[in-house]
Amino acid sequence: MSRLSDISASPVLREFAQGAAQSAIMPVADFLAPTIEVATSVGRYKKYTEKDRFRIPNTLRSIGGRATELRFEVSDETYNCEPHALDHPVDNLEKLESADLENALREGAVAVSEVAALEHEKTVIDAALAASGAGTGKVWGSSADPVADIDGAILDVIKAAKYGSLMGVGVLFGASAWCLFKNQDKVRGRFVVGNGPKGKNLAVPTESTAGSLFVGSPDVRTSYMVYDDSAPGVAEDIKFLLDSTVLIFARRPNPTRRDPSFMKTFRLMGKYMVPSSYMRDDGRVEVAKFDWSEDVRVTNSAAVKRLNVSAT
């Protein structure tokens, strides 16, 4: 066994790698599809649609009678935490002292975690956009009321989830949608945080205060995830993934396999960003490898509303 193998198998490095992975998780990915840690890589979960809705069971049990059972039906679906991996070659292995080698592995864990987090966020947003459909167009000109538009969507999502006060709601703005929202006349005047010159109110539109504008005070985030829309070999064309889109959806910060949240990420318990190593086939370079298993699922396609906004 090589020195790299010895160090990569260390519980200290494993804990560091998993901590780096947790820290690197993009807030929007975890916002849209919170993580469920599962004991097995394959298992069942409740999937809800317009046809197969969440229903509150009857919990009353007659004397001598049986209780209502919470169980998975044939129509429910199977998650499959498929393997993911990234490699980090370690150069000049023979010249590194043990402490330097461990630091090289730590650096690799951070780099791998950041790239994995970007890939995960794009996967989540792409799945959310596909599940939310074409959406509804909204013109947020000077005469519009964006707050009323989002309030209506929130109430629709709460009714679609049918989970009452147990279910939270998330409002996710694309970057251009957020700029349009916070600068719109009827919105800007509602962000009141104190008294300004001559007794006028100071308006400070921020995501952290925006939730107070909406019914139910939902959590609010903005996605700044970008991608290159150009073909290889031509000038880049950088765009925002969400851009002028607003997603309003049902979510629980700590979901279960049964609750009617819009999206969830299933991850194998204790197996996130596991470090190990192998020798490259040419025998010249040893590679630190990082493995994990996850499955991003839309678990309630009815519990999301999409608004496509514009100024005119």
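## Aromatic contacts and a nonpolar patch

Phe262 counts as buried because its relative accessibility is 0%; buried means under 20% relative accessible area, exposed over 50%, and partly exposed in between (1.4 Å probe, protein chains only). The model is predicted, so local features need pLDDT of at least 70 and side-chain atom pairs count only at pLDDT 80 or more, while totals for chains, interfaces and linings use all residues. Residues are numbered from 1 along each chain as its sequence is written, and side-chain values use heavy atoms, with hydrogens and water left out.

The whole structure holds 9 aromatic pairs. Rings of Phe, Tyr and Trp (its six-membered ring) pair if their centres lie within 6.5 Å; planes under 30 degrees apart count as stacked, over 60 as edge-to-face and the rest as tilted. Phe249 and Phe262 make a tilted pair. Phe249 belongs to strand E12 and Phe262 to the loop between E12 and strand E13, so the pair ties together parts that are 13 residues apart in sequence. Strands (E, at least two residues) are DSSP runs, numbered from the N terminus.

| Residue | Relative accessibility | Class |
|---|---|---|
| Phe249 | 0% | buried |
| Phe262 | 0% | buried |
| Ile238 | 45% | partly exposed |

Ile238 is in strand E11 (residues 238–240). Together with Tyr224, Val226 and Phe240, Ile238 makes a nonpolar surface patch of about 350 Å².

Conventions:
Patches are made of residues with over 30% relative accessible area and no salt bridge: like charges are joined within 9 Å, nonpolar side chains (Val, Leu, Ile, Met, Phe, Trp, Tyr) within 5 Å. Accessible areas come from the Shrake-Rupley method with a 1.4 Å probe; for residues, only the protein chains shown count as cover. A salt bridge is a side-chain nitrogen of Lys or Arg within 4 Å of a carboxyl oxygen of Asp or Glu. Helices (H or I, at least four residues) and strands (E, at least two) are DSSP runs, numbered from the N terminus.
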